[in-house]
Amino acid sequence: MKLKQKSKLLLFVHILLLNKAITQQTVISPYSRYGLGEINQNTLTPYAGMGSGSVGLCDSFFVNPANPATYAFIIRHRPVFDVGTIGNYTQLKSNSATESSKTFAFKNLVLGLPIAQRWGLCIGLSPYSSTGYNVKYNDELPTLGTVRYEMLGNGGINRVFGGTSVAILNNNISRLSVGVNVSYLYGNLNFTRKAFMPASSGIYNTKIVNSRYVKGMMYDAGFFYHGKIKPRTNLIAGTTIQLPAQIKASQEMLAYTFINQNTEAVLDTVNYTLTDNGKILIPKNIAYALGFEFFSKTSKNTEKQSRLIITTQYKTMEWNKYYEEFEGLKTDSILKNGLSLSMGVQYTPFHNIANANYKLKIWEVSTYRMGLRYANSGLELNNHQITEYGISFGLSVPIFNSMSFSSLNFAIETGKRGTMKNNLIMENYVIYSIGISFIPHRNDVWFFKRKYD
């Protein structure tokens with residue numbers, strides 16, 4: 001990689017780290033107030049355009065933390081460095097009001113390293129979950145009148161991870177690998193409730209702030225298979241399992257009365273509790289993926305060959321086993337088991353650019369993606385399951401020049417979550433991701449011991 005290109009890389013990383021320091025909130029949703037908030041799908045930008053179903057996908061030009069078994073097939077001497085950001089525009093609709101909000105935040109910082117012919121490593125940082133909401137409503141009480149309530153939530157849990165993968169088979173017919181990720185979770189979630197009393201009641205306003213801090217280890221393992229079933233057709237399959245994780249937690253609760261709705265001048269502390277001894281159980285989830293890879297006939301004149309991938313993914317989440325325990329008091333989950341279904345399509349007109357010996361058109365070597373997604377989070381409110389539906393699109397475009405292995409990646413998903421029935425809220429959302437995958441130039445080989453300098 002040239003010095004100028006390295007300088008651009010370092011500058012971009014600095015900008016992303018600065019963005020991370022400024023904001024971590026990646027979601028605005030009243031449904032993120034339950035459990036640990038809205039869980040990140042752990043899908044990098046290149047695969048977010050395929051319905052976020054990436055467990056069964058493996059590409060040597062991208063890194064895929066969603067399935068650690070794929071690290072073994074990063075091309076030797078060509079590490080992959082992926083950075084990304086995510087934006088979210090959400091319109092919240094109820095029977096009485098409509099509001100909109102938007103966020104923009106850090107998404108991931110990931111480095112995939114090829115260690116040997118059948119061995120790869122990966123390290124990275126990404127949000128694990130996020131909480132963000134601001135709900136206001138009025139309630140008519142017979143003896144007091146109109147009481148206005150506000151509920152606010154913010155914060156998130158970060159994930160630092162390292163993973164490794166080994167290929168058991170790696171030949172022209174079959175590829176089989178296994179891998180593991182070891183993650184460290186840390187962060188805090190803040191929940192605030194306010195009650196504004198009528199001035200004529202003579203009762204002071206009340207505010208309750210609950211802050212929760214978590215840290216602990218989490219482990220997940222993966223399996224990946226790629227096998228030839230016809231001369232130009234391959235079967236691809238993947239499985240991942242996130243093991244149950246019991247992480248340490250502490251919480252702080254402060255309740256006080258106040259006057260003046262604008263300045264919230266404190267009158268009296270009603271209660272203050274600091275709990276250091278606690279734990280939270282994150283239950284296991286399992287994902288299964290199955291797909292096919294198709295290649296066209298090679299062009300005699302240009303050696304051009306296109307590639308089409310179709311994949312499906314099914315994921316189960318045992319959220320009914322989630323619990324929180326502080327000072328020996330255990331609170332069982334109000335959640336039910338969740339699931340998600342994804343289907344994605346990926347097409348590259350000229351995928352084998354490593355064999356090309358001439359300049360190509362940029363649209364020939366770009367990769368195009370589309371996907372569908374359905375999810376049931378396991379959250380049931382007012383006798384209604386909270387589900388969501390989404391359609392996504394993605395694009396990867398080579399940067400520097402059409403023969404570059406590095407790419408600029410885009411993904412966008414639009415969909416709906418929730419319902420307006422039984423006084424619930426429906427969300428219309430648009431999530432967009434922008435990322436860059438850096439790979440050394442085709443003539444620049446890294447981690448290679450040269451005999452002559």
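Analyst: The turns below treat strand pairing and then the nonpolar cores of this predicted model.

User: How many bridges join strand E2 to strand E3, and in which direction do the two run?

Analyst: Pairing is read from the bridges found between two strands. Here E2 (residues 80-93) and E3 (residues 98-116) run antiparallel and are joined by 14 bridges. Gln91 stands opposite Ser100 in E3. Four residues lie between the two strands, which form a hairpin.

User: Which residue in E4 is the bridge partner of Leu113?

Analyst: The partner of Leu113 is Leu121 in E4. E4 covers residues 119-141 and is antiparallel to E3, with seven bridges between them. E3 and E4 also form a hairpin, here with two residues between them.

User: Which residues have the most contacts inside the largest nonpolar core?

Analyst: A nonpolar core is read as a set of buried residues joined through side-chain atoms within 4.5 Å. The largest one in this model has 28 residues, and those with the most contacts inside it are Tyr31, Leu36, Tyr128, Ile157, Ile280 and Ile282. At least two residues of this core come from each of E4, E5 (145-170), E6 (174-196), E7 (205-230), E9 (245-259), E11 (278-282) and E17 (367-381).

User: What is Leu36 in contact with, leaving aside its neighbours within four places in sequence?

Analyst: With those neighbours left aside, Leu36 is in contact with Tyr128, Ser129, Ser130, Thr131, Ile157, Leu189, Ile280, Ile282 and Tyr322.

User: Which residues does the second core include?

Analyst: This separate core of 22 residues includes Tyr71, Ile74, Val365 and Met403.

How values were computed
Residues numbered from 1 in each chain as written. Predicted model: local features only at pLDDT ≥ 70, side-chain atom pairs only at ≥ 80, totals over all residues. Heavy atoms only, no water. Buried < 20%, exposed > 50% of the residue type's maximum accessible area, 1.4 Å probe, protein only. Contact = heavy atoms within 4.5 Å.
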